[in-house]
Amino acid sequence: QVQLVESGGGLVQTGGSLRLSCAASGRTFSSATMGWFRQAPGKEREFVTAIRWSGGSTYYADSVLGRFTISGDNAKNTVYLQMNSLKPEDTAVYYCAAALSFRRSYLRVVAGYDYWGQGTQVTVSS
């Protein structure tokens, strides 16, 4: 019913920038929260950032605060992730996620989201 498709991943040098997009499709889709997670090889999927549609409040992991910016276009059902000052440790598969409701306690955990995209690879070379 609801599909999420990420795009914009690629290879970038340390200090460079990249912009990811997540397009949501589905007639009845209207997510209360959308976020980005990432997963590096051998590591657990971790929270990166999220945005609450109502009011546009944003939330960031400490590791990306000040470097990454999440934004959304509700009319397009699209969320963006602007990544600046990229570091090699940012290398991971980035996943877009959507939650049907906003729950502060579930904001930063995988279990808090109902839909997931297929992921897009981001590689930052040293």
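Strands are DSSP runs of E with at least two residues, and helices are runs of H or I with at least four residues, both numbered from the N terminus. The model is predicted, so local features need pLDDT of at least 70 and side-chain atom pairs count only at pLDDT 80 or more, while totals for chains, interfaces and linings use all residues. Residues are numbered from 1 along each chain as its sequence is written, and side-chain values use heavy atoms, with hydrogens and water left out.

**Exercise 1.** State how many helices and strands the protein chain has, and compare its radius of gyration with the globule rule.

Solution. 
- Step 1: The secondary structure comes to 0 helices and 11 strands.
- Step 2: The radius of gyration, taken over C-alpha atoms, is compared with 2.2 Å times the number of residues to the power 0.38.
- Step 3: For 126 residues the rule gives 14 Å, and the chain has a radius of 14 Å, so the chain is as compact as a globular protein of that length.

**Exercise 2.** Find the loops that hold N77 and S85, and decide whether each residue is buried, partly exposed or exposed.

Solution. 
- Step 1: N77 lies in the loop between β7 and β8, and S85 in the loop between β8 and β9.
- Step 2: Buried means under 20% relative accessible area, exposed means over 50%, and partly exposed is in between (1.4 Å probe, protein chains only).
- Step 3: N77 has 16% relative accessibility, so N77 counts as buried.
- Step 4: S85 has a relative accessible area of 41%, so S85 is partly exposed.
- Step 5: N77 is not a glycine, yet its phi is positive, at about 50 degrees. S85 is not a glycine either, and its phi is also positive, at about 50 degrees.

**Exercise 3.** Describe the surroundings of A97.

Solution. 
- Step 1: A97 belongs to strand β9, residues 92-99.
- Step 2: The relative accessible area of A97 is 0%, so A97 is buried.
- Step 3: Contact means heavy atoms within 4.5 Å. Leaving aside neighbours within four places in sequence, A97 has contacts that include L4, M34, F37, Y113 and W116.
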